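Student: I would like to learn how to read the packing of helices and the features around it. Could we take one feature at a time, with the general idea and then the case?

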Amino acid sequence: MAKLTTAEFIEAIKELSVLELNELVKACEEEFGVSAAAGVAVVAAGPAAAAEEEKTEFDVELTEVGPNKIKVIKVVREVTGLGLKESKDMVEGAPKVVKEQVSKEEAEEIKGKFEAEGAKVTLK
């Protein structure tokens, strides 16, 4: 039997109907003792899972101030240690990164403080 090139093999697969392709996958699973579904799940979850594991530091960005501007300014002062004028300027210039490279726990805590005052925050 003549050996097919990868391109020829792909062209042959393209010509199969969905039912024929399903039968081919089942035959390959039986012949080689593998599961096509398991391979797809690992490949699909692999990069996403790796990206989550790698992300250890977050930037907290104030995206929308909301209705309680003064309370949001107080939260900015508490979180950053900035003075009143600097905090006010940051809030008025939203969207602005309030705090950079913080742990996930600290980022979530800061986000909760802002959201309690009606502001919207994005973790990057």
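Tutor: Let us begin with a pair of helices: α4 and α6 are roughly antiparallel to each other, a term for angles over 145 degrees, where under 35 is roughly parallel, 65 to 115 roughly perpendicular and the rest oblique. This is a predicted model, in which local features need pLDDT of at least 70 and side-chain atom pairs count only at pLDDT 80 or more, whereas totals for chains, interfaces and linings use all residues. Residues are numbered from 1 along each chain as its sequence is written, and side-chain values use heavy atoms, with hydrogens and water left out.

Student: At what angle do α4 and α6 pack, and how far apart are their axes?

Tutor: Two packed helices are described by the angle between their axes and the distance between the axes. The axes are lines fitted to C-alpha atoms, for helices over the stretch in contact, and the angles run from 0 to 180 degrees between N-to-C directions. Here α4 and α6 pack at about 160 degrees, their axes 9 Å apart, and α4 passes α6 in a right-handed crossing, meaning that the near helix is turned clockwise from the far one by less than a right angle, anticlockwise being left-handed.

Student: Which residues make this contact?

Tutor: Contact means heavy atoms within 4.5 Å. From α4 come Val-72, Val-75, Val-76, Glu-78 and Val-79, and from α6 come Ile-110, Lys-113 and Phe-114. By class, six of these residues are nonpolar, none is polar and two are charged; Ala, Val, Leu, Ile, Met, Phe, Trp, Tyr, Cys and Pro count as nonpolar, Asp, Glu, Lys and Arg as charged, and the others, Gly among them, as polar.

Student: At what angle does α4 pack with α5?

Tutor: Helix α4, residues 69–80, and helix α5, residues 84–92, pack at an angle of about 120 degrees, with their axes 9 Å apart, which makes α4 oblique to α5. This crossing, too, is right-handed. Lys-69, Val-72, Ile-73, Val-76, Arg-77 and Thr-80 of α4 meet Leu-84, Ser-87, Lys-88, Met-90, Val-91 and Glu-92 of α5, and the contact has six nonpolar, two polar and four charged residues.

Student: Are Ile-73 and Ser-87 buried or exposed?

Tutor: Burial is read from relative accessible area, under 20% being buried, over 50% exposed and anything in between partly exposed, with a 1.4 Å probe and protein chains only. Ile-73, in helix α4, is buried at 8%, and Ser-87, in helix α5, is buried with a relative accessible area of 0%. Although Ile-73 and Val-91 are 18 residues apart in sequence, their C-alpha atoms are 6.3 Å apart.

Student: Where is Glu-61 placed, and is it buried or exposed?

Tutor: Glu-61 lies in strand β1 and counts as buried at 11% relative accessibility. Leaving aside neighbours within four places, its contacts are Pro-95, Lys-96, Val-97, Val-98, Lys-120, Val-121, Thr-122 and Lys-124.

Student: What is the geometry of the peptide bond from Ala-94 to Pro-95?

Tutor: That bond is cis, with omega near 10 degrees, and Pro-95 sits in the loop between α5 and β2. In strand β2 itself, Gln-101 has a phi near 50 degrees, a positive value in a residue other than glycine, and Gln-101 counts as exposed at 58% relative accessibility.

Student: How many helices and strands are there in the protein?

Tutor: Helices (H or I, at least four residues) and strands (E, at least two) are DSSP runs numbered from the N terminus. The protein has six helices and three strands, in the order α-α-α-β-α-α-β-α-β along the sequence. Of its 124 residues, 16% are buried, and among contacts between residues at least 6 apart in sequence, 65% join residues at least 24 apart.
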